[in-house]
Structure formats: structure tokens, C-alpha cells
Amino acid sequence: MSEFQPLVRNPHLLTILGNFWPRKLDVQRFPVERRVIQTEPDVSVVVYSQRPSGEPRGQLVLVHGLEGSSDAGYKKSMTQHALEAGFAVHRFNMRSCGGTEELAKSNYHAGQTSDLLHVLRVLARESTAPLFAGGFSLGGNVVLKLAGELGERGPELLAGVVAVSTPIDLGRCVELLARPSNFVYERRFVTRLKERIRKRAQQHPELYDPSRLNEVRTVYQFDDWYTARYFGFGTADNYYGTQSSKNYLDAIRVPALVIQAKDDPMIPFEVYASHPAFRTNPNLELIATEHGGHLGFLARGPERFWLDGVVLRWVGKIAEAEIKLRPS
């Protein structure tokens, strides 16, 4: 693995650059298939699939972060590099994300794994290629939690999982997000979350009450007044306590690559350094970089998207090993 040499060392600048840096995705060479997949009687999600020429080495399902979608820049560059490496890629939109509100009355939350599990099972039935799930930020929490929930059954479905800049302890991360130094990030998240509720209230006034939105100033308040109550968690503290992937790391039984910057402004690295699973569970591999901010792994030199190279080399090795183990 090549050592990460950051383009700049300031974590906030890296975070912002990582979000706005232009990424290319060749949809002419790799045509996009928009798939609407029903996961529950009244719920469907949208997945954008692209495939390489020839038989794929594996399949990679990518899950976005809070208020993200299949159009997230980190998804596009990862998709491009994965396709060029011979992998089929499926950009998964969490419930109601990416302009798909009409496909489900309910929204998503940080521990909602049922939709992803259903999509993975559909893809596994369609191809025998090794199947991987990769999550970014909140999507990483979903992926790790699902791997832990599957436990011993995990290898029946997944060849491995990848989680990048993941808030494995939701409560601690929301506390850090509320610090004045993170005001820009929190305001952006809160603005988008409030916009989502206002839109949903117009679509389904019987389900969504926007009357308290003007009081919401923090992600914690939003989760306490909306997310937790809507999904039956009661309070934000109970929501964070039950849905954090830290509770499931010990149970993961598939190879899991976790990539985390120590200077991430939204995630205290202590939640990783102090978690015993990274020492006791041999399936977990933690790559901790000194710099990188939050999803800001832009490197100096020709390999600008360092993250993509690291993930695909790791995925490639596992895919090759799994194929060799299969009976001829």
C-alpha cells in the first residue's frame, strides 16, 4: 500500500477540496443502467449500475453519506477506477435519496440496513462474481452494521466490505460536529435535512410535521425531534446508541477494510483507537492516516485519488483469492 501524501495538510481544506474536486465518470464507455428495486411492499430504491466489458472480476456496491446520493464525487471517481479495473459497480441511493422521494414515504437513517441487504441479495442472484459493499461516511456505518448483523452468515453473501470516514459512534461524532469549528459542516447538513422534511411534508402531510423545523439548529436536535421519533427510537441518544456500527464490529465475519484519517474534523479518532475490535477481530483492517480530513483523501503526485487505488487493490486481492477457492 502506498503511503498517503496529502495534497494539503489542513483537514478542513482537505474536506472541502474532497467534496468539490472534479471527478470524471465515463458513461459512454460504461453505459449506465437505472434500476428501481423494490425492497418492501411500499418502498423502492434506485441503483445506478455500470459494467466493464467482459466478465467482471467482482461487483462493488457503493453507499453514500448523509444527504448524499449516487452523484457524490467520491462515488464517481471510485466507480470510474473500479470499472477500469474490471469490476461492475452499483451506485446505491439510500431510501428517498437522489430525487427518489416518490418511491417511498419514509426517509433513511444511519442504521437502516434492510434496503441495502435486499439489493445485495438481488445482485448475488444475478451473478456469481464476488460481491463487495463500500460505504462513505454515514454509508460506512450502514455497511459495517450490516456486516455485523449478518455475522456468521456474512460470507454467504459478501466477499468483503469497505468503510471510509465512518462515524462508528454516532453520538460522539454528533457532539464533535456541534463544535464551533465545524459550524460550516453542521449548517450544511441541517439545511439539507430541514429541506427534506419540508418537501416530505408537502408530499405526505399526514406523516410529516414541519412545525418545529425553525427551532432546529443542530443535527442532534433534528435527530431528536424528527429521526428518532419518526423511526421509533424515541430519543436521539437511543437512536445513536442502538444504530452505531461500533456495536457490531465484533460480529463481522467477512474481510473489512476501514480507512480513517486521524484529523477528521467530524469523527474523533479516539472512537477507533479505543475500540477493542480493531485488535481482537482479525477480519478488521484499519488504515489510519495522519491527514485526510473527512473524505478528503486527495494526494500529491499522479495518483490524486489515493483512496480509490487503495480500496481497489484490496478488493482485487480478495476477489482473486475467492475465485481461486471456488471449485472448478
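In this predicted model, the axes of helix α7 (residues 183–203) and helix α8 come within 9 Å and cross at roughly 25°. An angle under 35 degrees counts as roughly parallel, and α7 is therefore roughly parallel to α8. By residue class, the contact of α7 with α8 comprises 7 nonpolar and 2 charged residues, with no polar ones.

Helix α8 (residues 219–230) also packs against helix α9 (residues 236–243), here at an angle of about 90° and with the axes 8 Å apart, so that α8 and α9 are roughly perpendicular to each other. From α8, the contact draws on Val 219, Tyr 220, Asp 223, Asp 224, Thr 227 and Ala 228, while α9 supplies Ala 236, Asp 237, Tyr 239 and Tyr 240. These residues divide into 6 nonpolar, 1 polar and 3 charged.

The two packing geometries are set out below.

| Helix pair | Axis angle | Axis distance |
|---|---|---|
| α7 and α8 | roughly 25° | within 9 Å |
| α8 and α9 | about 90° | 8 Å |

Turning to helix α12 (residues 306–325), its 20 residues should span 28 Å at 1.5 Å a residue, and the end C-alpha atoms lie 29 Å apart, which agrees. Within α12, the buried residues are Trp 306, Leu 307, Asp 308, Gly 309, Val 310, Val 311, Leu 312, Trp 314, Val 315, Gly 316, Ile 318 and Ala 319.

Conventions:
Residues are numbered from 1 along each chain as its sequence is written. This is a predicted model: local features need pLDDT of at least 70, side-chain atom pairs count only at pLDDT 80 or more; totals for chains, interfaces and linings use all residues. Side-chain values use heavy atoms; hydrogens and water are left out. Axes are lines fitted to C-alpha atoms, for helices over the stretch in contact, and angles run from 0 to 180 degrees between N-to-C directions. Helices (H or I, at least four residues) and strands (E, at least two) are DSSP runs, numbered from the N terminus. Angles under 35 degrees count as roughly parallel, over 145 as roughly antiparallel, 65 to 115 as roughly perpendicular and the rest as oblique. Contact means heavy atoms within 4.5 Å. Ala, Val, Leu, Ile, Met, Phe, Trp, Tyr, Cys and Pro count as nonpolar, Asp, Glu, Lys and Arg as charged, and the others, Gly among them, as polar. The expected span of a helix is 1.5 Å times one less than its number of residues. Buried means under 20% relative accessible area, exposed over 50%, partly exposed in between (1.4 Å probe, protein chains only).
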